[in-house]
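Please read this short report alongside the sequence and the model.

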Amino acid sequence: MTFRSSPVPPGVLTAGAVTFTVFAWASAFVSIRSAGAAYSPGALALGRLLAASLVLGVLLLIRRQGLPPREALRGILVSGVVWFCGYTIALNWGERLVDAGTASLLVNTGPILMALLAARLLGEALPPRLLAGIAVSFVGAVVVGLSMSSGQGGSTSLLGVVLCLLAAVAYATGVIAQKPALSYGTPLQITAYSCMTGAAVCLPFTGQLLDELPRAPASATLNMVYLGVVPTALAFTTWTYALARMPAGRLGATTYAVPAIVVLLSWALLAEVPAWLTLLGGALCLAGVAVSRYAPRTAGTPRAPAAPVDGAPLAPTKGDRP
């Protein structure tokens, strides 16, 4: 196999993929608020996944990437059913029953579960710096959640709490299922066929989608399409690109930046001025991510190998196989 040299270092590409994913996923919370007012949880999930599947299918044709290897199918099926379908429906439903702050807090238990599952099932290490960063970010998420839940409009439902916790479990499970699959298929293949699997599982909601589509305002439908194109099709692809190149636990810790970015986006786009406690929590989230991502380089540390060309998967490493 031959490799082409890239003018952009692989580490910069990975960092860019992570940054895009985090910002795109943060923007999804703003879009879900608009689309969720007009579409039921299942219909919104189906519309989002159908839009994403269309974009990903076109990308597969452009990149001339066919079916994934058989060895990747188990990870694709688990990720598609549990993450793309289950997580999306649970989060859509949960955000109807609890306020945004509580939902953000509960879903942000996902990276903790992810790190623990990665250590148990994939053999990934749990270095003290990663654990410290997770702890700091989780405290920040708690502060953001409490500050956003303290308003007069805040409400909490036991069912909503359970649904958001299920979303967090589905999120962590889907990532751990994807990691071994990336040893065999490309990030685009894994993302596309996982998304198509999730869309297929959501097909029973077709009747609801067709019934709600004519009555929904254009802004809600555009937000549903945006959710499919950017936070799903594009951001999930950049996520799997980064997942193929770094440990799942460490990558999961970066998503703790999402609550902080949601606060900033709500401030800029919705004119929702955050309280000082919310800003403090956001700062803690970002600080925890910085701690978990920091890796002091020593003189004896070897340089990372160059990334493969054209989205080819990295060679399997210890702990990458189930």
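The sections below cover a helix, the loop after it, a pair of cysteines and a salt bridge.

## Basis of the report

The model is predicted, so local features need pLDDT of at least 70 and side-chain atom pairs count only at pLDDT 80 or more, while totals for chains, interfaces and linings use all residues. Residues are numbered from 1 along each chain as its sequence is written, and side-chain values use heavy atoms, with hydrogens and water left out.

Helix H2 covers residues 41–63; helices here are DSSP runs of H or I with at least four residues, and strands are runs of E with at least two, numbered from the N terminus. H2 has 23 residues and reaches 33 Å from its first C-alpha to its last, close to the expected 33 Å. That expected span is 1.5 Å times one less than the number of residues.

An α-helix has 3.6 residues a turn, so residues three or four places apart point the same way.

Val58 counts as partly exposed because its relative accessibility is 42%; buried means under 20%, exposed over 50%, and partly exposed in between.

## The loop after H2

Arg64 follows H2 and has a positive phi, near 55 degrees. Most residues other than glycine have a negative phi. Arg64 lies in the loop between H2 and helix H3 (73–97), and is exposed, with a relative accessible area of 77%.

## Cysteines

How many disulfides are in the whole structure? A search finds zero, a disulfide being a pair of cysteine sulfur atoms within 2.5 Å. The sulfur of Cys85 is 3.3 Å from its closest cysteine sulfur, in Cys202, which is too far for a bond. Cys85 is buried at 7% relative accessible area, and Cys202 is buried at 0%.

## The salt bridge

The whole structure holds one salt bridge, defined as a side-chain nitrogen of Lys or Arg within 4 Å of a carboxyl oxygen of Asp or Glu. Arg215 pairs with Asp211 in a salt bridge, the closest N and O atoms being 2.8 Å apart. Arg215 is exposed, at 59% relative accessible area, whereas Asp211 is partly exposed, at 46%.

Notes:
Buried < 20%, exposed > 50% of the residue type's maximum accessible area, 1.4 Å probe, protein only.
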